[in-house]
Amino acid sequence: MAQIRGTAGYNLGPSSQNRFGVGAGYSNMKAEATNDPSPLEAIRAQTSKIEDWLDTLSEPVKPYLPAIGRFLIVVTFLEDAVRILTQWNDQLLYLHDYRHFPRGANHMFLALNVIAMLICSTMVIIRKHSNEAVAGLLGVVVTQALGYGLIFDLNFFLRNLSVMGGLIMVLSDSWVRKKFAPAGLPQIDEKDRKMYLQLAGRILLIFLFIGFVFAGDWSVSRIVVSALGFVACVMVVVGFKAKFSAIMLVLILSVFNVLVNNFWTLHEHHPQKDFAKYDFFQILSIVGGLLLLVNMGPGQFSVDEKKKVY
């Protein structure tokens, strides 16, 4: 009975399949179907080749990438401190007349901001007390948004979210480099916090590009750049080829920054000069955060890391 139910009873064994030409052909078709890569795998393969080429090209500057990234992240705070000092009287007048700061309070507000930005930016650059330095700079972002009444300005809000993302990447970078030497202490909490910080930093970094998409007049070139940037932003957030997509955003933002925020071409008393300079250095800060992402990778909460696991 077993033979009747099996292939022997119906002459459907291997020899019969070969006789009708089914076995080899079906096996080849099955193998081809199995080996046929999905679109996601094809994209991954192509981007891996580009990443390898970029790694080879950037080999000389790779050891200095973290330092460059950290400097660029805080450069907007350094520029802001210098601008306040060089425009001290104008800043006092604005806070008193338009923001209704009492006399004395406007002096203290500006002085505390300048001191915090100079000290905290220096600590970030030299990698000393990074936790306190990042907390101080985050405090500066919040207090300036409230003090200058810009918290409800959508473009300003999105830009500062991206600056916060860069600062969070600095914090994550300091924890990546931190050696947890004390024995017997739980290390999983630090590791989990680092993963959450890398995820939060990736998400916040892309908000600048969202502001770029919704600001300004539309054109064919703007649509193309916005589409490429949108794809790169999604890849950064989900952590799919995050290094490659971060490099794409660095290139797009750098070209945009030089072409649009070219404050050095404006006359000294041009009304848009300060705004262009402010935007220029803010974008540099976000580029610095993206460079840290290129250096560190996307972290555990990402498609790239899950691919390594599975």
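How many cavities of 30 Å³ or more does a search of the whole structure find? The search turns up two. Keep in mind that this is a predicted model.

Let's start with the overall picture. The protein has 15 helices and zero strands. Of its 310 residues, 40% count as buried. Among contacts between residues at least 6 apart in sequence, 71% join residues at least 24 apart. The accessible surface comes to about 18100 Å², and carbon and sulfur atoms account for 67% of that area.

The largest cavity has a volume of about 100 Å³. Four helices, α5 (65–86), α8, α9 and α14 (273–296), each give at least two residues to its lining. Among the lining residues are Thr76, Phe77 and Asp80, along with Val140, Gln144, Phe156, Asn160, Tyr278 and Gln282.

| Salt bridge | N to O distance |
|---|---|
| Arg83 and Glu79 | 3.9 Å |
| Asp279 and Arg159 | 3.8 Å |

Glu79, Asp80 and Arg83 are linked in a network of salt bridges. What separates Asp80 from Arg83 along helix α5? They are three residues apart, so about one helical turn lies between them. Arg83 and Glu79 are four residues apart in α5, which again means a separation of about one helical turn. As for cover, Arg83 is buried at a relative accessible area of 17%, Glu79 is buried at 10%, and Asp80 is buried at 4%.

The Asp279 and Arg159 side chains also meet in a salt bridge. This pair links distant parts of the chain, with Asp279 in helix α14 and Arg159 in helix α9, 120 residues apart. Asp279 counts as buried at 19% relative accessibility, and so does Arg159 at 10%.

Val142, Leu146, Ile151, Phe152, Leu154 and Phe157 make a nonpolar surface patch of about 640 Å². Helices α8 (130–147) and α9 (154–177) each supply at least two of the patch residues; these two helices also each supply at least two residues of the lining of the largest cavity.

Definitions and conventions
Residues numbered from 1 in each chain as written. Predicted model: local features only at pLDDT ≥ 70, side-chain atom pairs only at ≥ 80, totals over all residues. Heavy atoms only, no water. Patch = residues over 30% accessible without salt bridge, like charges linked within 9 Å, V, L, I, M, F, W, Y side chains within 5 Å. Areas by Shrake-Rupley, 256 points an atom, 1.4 Å probe, with all protein chains shown as cover. Salt bridge = Lys/Arg side-chain N within 4 Å of Asp/Glu carboxyl O. Buried < 20%, exposed > 50% of the residue type's maximum accessible area, 1.4 Å probe, protein only. Contact = heavy atoms within 4.5 Å. 1 Å grid on protein atoms, 1.4 Å probe; cavity = no way out; pocket = protein on both sides within 12 Å on 5 of 7 lines; lining within 4 Å. Points joined across faces, edges and corners; volume = space filled by probe spheres on them.
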